[in-house]
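Hi,

Here is the structure I promised to send over. Have a look at it first, and then read on for what turned up.

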Amino acid sequence: MQSFMRFSAITGVLCGLFVAVPGAIEAFTAETAPTSFVLGVAPSLAVPLVTGLYLGQRARAGGFGLVGYAAQVIGLGLFGGAAYTLNLALFHLDRAALAALLQGPTRAALLGSAAVFAAGTALFAVSMVRAGVHPRVPVVGYGVALPLFALLAPLPDTALTSALHVVAGACVVWLSASLWTRRAWPAAAPAGAPVG
């Protein structure tokens, strides 16, 4: 399990950097093709991280932890696909074509994916707080910044969205680092003991 946790940590650090660094750059340059590309790839790197975070707390998270993990993975799949499409395909459309495309069902699909991701992230973050295995500060930051990040994604970029990219990326890097440095994982809580 330790080797998978190391792999999860590496992909998580890359994911966090792929969110934070372009977000910081875009505060000064606005969105560019290179920053958009890096942001579009970032969600794919989060899948191993989320799995590593879940495995690290599985023994203490119980059924709620499994539900939170499942919701997070489904939301990540949907939002990751939307982010990839927005940042690698739709980014290159002219404004008129993009506006026409977003008048149809594409807008509902993008907003729906963001809503599922936000809800899944919040559930998973609550499961991590309850299990008490991962560091609380980045878990809470993860549970607040990432849902906001998803819900604000369809809006024009501002200094606030750039700052949110940096905060979300930093929380992801911090959680990833905790996976790398941890040597042992907790056993299941005794039956009837409160979780978290």
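How far apart do the end C-alpha atoms of residues 37–56 lie, and how much of the span is helix? They lie 31 Å apart, and the span is 100% helix and 0% strand. Helices here are DSSP runs of H or I with at least four residues, numbered from the N terminus.

Some background: this is a predicted model, in which local features need pLDDT of at least 70 and side-chain atom pairs count only at pLDDT 80 or more, while totals for chains, interfaces and linings use all residues. Residues are numbered from 1 along each chain as its sequence is written, and side-chain values use heavy atoms, leaving out hydrogens and water.

UniProt's unreviewed entry places "transmembrane region" at residues 37–56, 63–86, 106–127, 139–156 and 162–180; such annotations may be inferred rather than shown by experiment.

Now to helix 6. This helix covers residues 159–181 and reaches 33 Å from its first C-alpha to its last, close to the 33 Å expected at 1.5 Å a residue (1.5 Å times one less than its number of residues). Its buried residues (under 20% relative accessible area, 1.4 Å probe, protein chains only) include His165, Cys171 and Leu175. The buried residues of helix 6 pack against helix 1 (2–29), helix 2 (33–88) and helix 5 (136–152).

Tyr142 touches Cys171, Val172 and Leu175, among others, where contact means heavy atoms within 4.5 Å.

Enjoy exploring!

Terms used
Helix = DSSP H or I, 4+ residues; strand = E, 2+ residues; numbered from the N terminus. Buried < 20%, exposed > 50% of the residue type's maximum accessible area, 1.4 Å probe, protein only. Lists of a residue's contacts leave out its neighbours within four places in sequence.
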